[in-house]
Amino acid sequence: MTVDTTATSVSGINIKSSQNRLLIKNGRVVNDDGMEDADVYIEDGIIKQVGRNLIIPGGTRTIDATGKLVMPGGIDPHTHFELEMMGAKTVDDFYKGTRAAVAGGTTTIIDFVLPQKGQSLIEAYNNWRQKADGKVCCDYALHVGVTWWSPSVKKEMEQLTSEQYGVNSFKMFMAYKDVWMMNDYDLCCAMETCADLKALAQVHAENGSIIARNCEKLLAAGVRGPDAHQLSRDEELEAEAVNRACVIANQAKSPLYVVHVMSKSAVQALQIARTRQKLPVYGETLAATVGTDGTHYKNSCFRHAAAHVLSPPLRPDPSTPQAIAEALADDHLQLIGSDNCTFHEKDKELGKDDFTKIPNGVNGVEDRMAILWQKAVNTGVMDPCRFVAVTSSNAARIFNLWPQKGRVEAGSDADVVVWDPRLQRTISAATHHHGVDFNIFEGQDVVGSPQYVIVNGRVCLDDGELRVAEGYGKFLKTPVNSPYVYGAPPAAAPEPEPVSPAIHTPSRVTNGNTPSPDLKVLNKQLDGMSVTSSGCSTPTGRKMRDPGQRDLQNSTFSISKEVEGLDTKTSVRVRNPPGGKSSGLW
């Protein structure tokens, strides 16, 4: 076991620090269903008490969270660490990748086992466990890819869902023709098997056959640069595949999880399918989709343009990031991942003369939470409770880790983030913790980042100083038959009105009952609280948007009526349905 170079040597650190006692005091606890002023006491890696006037043993370390938010650690449902693809291997292995995750407030990641065609799924699973177990700095779980079909694959899926292996989700590709792509017949077979096993079917939704043909035509025409990547796979091909995947899942009587939804057209297709499906359909988007766009593909610098290549691609429509952030707030999308899959410049240059050979992937696991906070919470699109839902709690529920993960509550794992909503920093490859020397969010200023990150009771980000231990994390088994996925069917939603792909009219998620906390009170409290200095940057006095103030970026959304009549309380606890419902009061 080794310790990050920013920390002390192994001999100078208590590796069993999860046994230590920790009190987080004077903060505002944020869960997906509400906020309350409360202290959090941690012992033996478990949250033991949440409340005020706690009786705490002597020798307990205290973190003063005055002016801060205390949230469950983030869960990134989509990473690719130590993945070999397109003749290259990702720079972020399980150590560097989870190190970066912890630095950004993520305390659990779910990576993908991707077998080659014809390879045993269990053999690939064992390879991933061997790569990860000794390196992870935080807890992790695994999805398994189904990249080919046969009776033996079906049998191995059954084995993988057993207690011995602990896998409850399988990913199928509708793209990457002749590599991982499956035809519709095989997709149907795989989804039927998922349904029988009470596992969750996942799809990468793009029309791989048309993409392959478009690539041939572009290369024949001499169009070979990174910009051709997005030209070969436009929004229509993503939206078509989303619709087709939902139809197949409905026929197979299987719940469905669509990974990395990247466009407004795909969101619209998903939204329509969610109203007609008999079983749940979930949509995941990426930090990259919210934080940047596809205009970078036209950059004259190959290194810059190629560094943004991923599939589905970033969209050139500059309104896409805002629309995707709103879709997360409106519950048209339920989760945000990173799809962290980083490659060195020399690897990206494999496609210097042929865009189809550029290894696909970008960074995001470290900046996922800060980017969403900046783009959605600071702009008034999303409140902190919904932020917790889409960055943590929904993933915990869907993948059956709830309430062990995704909640600040007595009995849950002590994966906790002390979030400073005023902490300002500039994202840069020069300061991030990835193994790659490029960051797609380079130069972006964000206000709101973690000041402390606790992983299984151990303070791994300590007032801005990263102190992670290689191999500290553990593998999490994800049992099948998740109550959130296979429980009672949701109430039928009304048929949506037609939505223009170019226009998104937000309708903030609410349970129709008690509104979220009075944010005017929260702002006044934060203004009056002292802001402690951070080891990584200087906090600013930036104010959060006052309730009732119209968001000029979103002229159809006003919250002034929602605020009228609210009692001014210093602590309000809201009980919403599972999944975390946003009131739009931020």
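Helices H3 and H4 cross with right-handed geometry in this predicted model. The contact draws on Lys 154, Met 157 and Glu 158 of H3. From H4 come Ala 190, Thr 193, Cys 194 and Leu 197. By class, this contact comprises 4 nonpolar, 1 polar and 2 charged residues.

Two packed helices are described by the angle between their axes and the distance between those axes. H3 covers residues 151–160, and H4 covers residues 184–197. Their axes approach to within 11 Å, with a crossing angle of roughly 30°. H3 is therefore roughly parallel to H4, because angles under 35 degrees fall in that class.

Helix H8 was examined next. H8 runs over residues 264–276 and contains 13 residues. At 1.5 Å a residue, H8 should span 18 Å. The C-alpha atoms at the ends of H8 lie 19 Å apart, which agrees with that expectation.

Burial in H8 involves Lys 264, Ser 265, Ala 266, Val 267, Gln 268, Ala 269, Leu 270, Gln 271 and Ala 273. These buried residues pack against two further helices, H7 (235–251) and H11 (320–329). They also pack against strands E13 (256–258) and E14 (281–286).

The wider chain gives the setting for these elements. The protein chain holds 17 helices and 19 strands. Of its 586 residues, 63% count as buried. Among contacts in the protein chain with a separation of 6 or more, 79% come from residues 24 or more positions apart.

Terms used
Residues are numbered from 1 along each chain as its sequence is written. This is a predicted model: local features need pLDDT of at least 70, side-chain atom pairs count only at pLDDT 80 or more; totals for chains, interfaces and linings use all residues. Side-chain values use heavy atoms; hydrogens and water are left out. Axes are lines fitted to C-alpha atoms, for helices over the stretch in contact, and angles run from 0 to 180 degrees between N-to-C directions. Helices (H or I, at least four residues) and strands (E, at least two) are DSSP runs, numbered from the N terminus. Angles under 35 degrees count as roughly parallel, over 145 as roughly antiparallel, 65 to 115 as roughly perpendicular and the rest as oblique. A crossing is left-handed if the near helix is turned anticlockwise from the far one by less than a right angle, and right-handed if clockwise. Contact means heavy atoms within 4.5 Å. Ala, Val, Leu, Ile, Met, Phe, Trp, Tyr, Cys and Pro count as nonpolar, Asp, Glu, Lys and Arg as charged, and the others, Gly among them, as polar. The expected span of a helix is 1.5 Å times one less than its number of residues. Buried means under 20% relative accessible area, exposed over 50%, partly exposed in between (1.4 Å probe, protein chains only).
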